[in-house]
Amino acid sequence: MAHFSQFYTLHEIAHVIATSTPFGQEVVEAALIAKLSRVLMLVPIAFIVGLFFNKNKETPHCTTITFPWFIIRFLIMSILNTLGLFTEETKSYLQAIAYLLISIAMGVLGLQVRIETLIKNGKSAFFACLFGSLVLAVSGFFIVFWTH
């Protein structure tokens, strides 16, 4: 049986479900609990990081970080869903709206990108992403290796 820790490094909950389904419903449930626990840990981490950066706001290279309201909305929606206040149809509509809003947000981000800047600074961004992906892959491997 697959160990739920191998699903830690997947980005989307949908990916966790798709990847764990061949191993059976028990693995799907364990993988979802592991993934959602990791997502839930973003709440205290975001607050700690926000407090850290707000303490150093007099430092010229640090900018003020605004309160991460999306985390509060995430918790509220999680609680409402846990209480069973949404029908499956309502959840389907909300998910469709969420994907539409994410698409719009990505489009707006694209409007702020200039190709010249991307080419000029693209190497450092590419290597930063590559480094982050490698760290995630290696740490995920060792989590699976040591917990299996």
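Q: Which residue forms a salt bridge with Glu88?
A: That's Lys91, and the closest N and O atoms of the two are 3.1 Å apart. Keep in mind that this is a predicted model, so the distance is computed from predicted atoms.

Q: Where do Lys91 and Glu88 lie?
A: Both are in helix 5. They sit 3 residues apart, which is about one turn of the helix.

Q: Why would two side chains like that pair up at all?
A: Side chains of opposite charge can pair when their charged atoms come close.

Q: Ok, and is Glu88 buried or exposed?
A: Glu88 is exposed, because its relative accessible area is 61% and the cut-off for exposed is over 50%. Lys91 has 23%, so Lys91 counts as partly exposed.

Q: How many salt bridges does a search of the whole structure find?
A: It finds 2. Arg114 counts as exposed, with 53% relative accessibility.

Q: Switching topic: which residues make the nonpolar surface patch?
A: Ile76, Met77, Leu94, Ile97, Leu100, Leu101, Ile104, Val108 and Leu111 make it, and the patch covers about 850 Å².

Q: Which elements give two or more residues to that patch?
A: Helix 4, residues 69–82, and helix 5, residues 88–111. Helix 5 gives the most, with 7 residues.

Q: Can we pick one of those, say Ile97? Where is Ile97 found, and how exposed is Ile97?
A: Ile97 is found in helix 5. Its relative accessible area is 45%, so Ile97 is partly exposed.

Q: What about Val27, buried or exposed?
A: Val27 counts as buried, because its relative accessibility is 2% and buried means under 20%. You'll find Val27 in helix 2, which runs over residues 25–40. The C-alpha atoms of Val27 and Ile17 are separated by 9.3 Å, and the two residues are 10 apart along the chain.

Q: Back to helix 4. How many residues does helix 4 have?
A: Helix 4 has 14 residues. From its first C-alpha to its last it reaches 20 Å, close to the 20 Å expected at 1.5 Å a residue.

Q: New topic: aromatic rings. How many aromatic pairs are there?
A: The count comes to 2. One is Phe126 with Phe127, an edge-to-face pair with 5.3 Å centre to centre and 75 degrees between the planes. Phe141 and Phe142 are also a pair: their centres are 5.3 Å apart and their planes are at 75 degrees, so this one is edge-to-face.

Q: Last one: what pLDDT does the chain average?
A: The chain averages 78, and 82% of the residues score at least 70. Confidence is lowest in helix 3, residues 42–55, at a mean of 74, and highest in helix 5, at 87.

Q: What should I do where pLDDT is low?
A: Where pLDDT is low, the predicted coordinates should not be read in detail.

Technical notes: Residues numbered from 1 in each chain as written. Predicted model: local features only at pLDDT ≥ 70, side-chain atom pairs only at ≥ 80, totals over all residues. Heavy atoms only, no water. Phe/Tyr/Trp six-rings, centres within 6.5 Å; stacked < 30°, edge-to-face > 60°. Patch = residues over 30% accessible without salt bridge, like charges linked within 9 Å, V, L, I, M, F, W, Y side chains within 5 Å. Areas by Shrake-Rupley, 256 points an atom, 1.4 Å probe, with all protein chains shown as cover. Salt bridge = Lys/Arg side-chain N within 4 Å of Asp/Glu carboxyl O. Helix = DSSP H or I, 4+ residues; strand = E, 2+ residues; numbered from the N terminus. Buried < 20%, exposed > 50% of the residue type's maximum accessible area, 1.4 Å probe, protein only. pLDDT = per-residue confidence, 0-100. Expected span 1.5 Å × (residues − 1).
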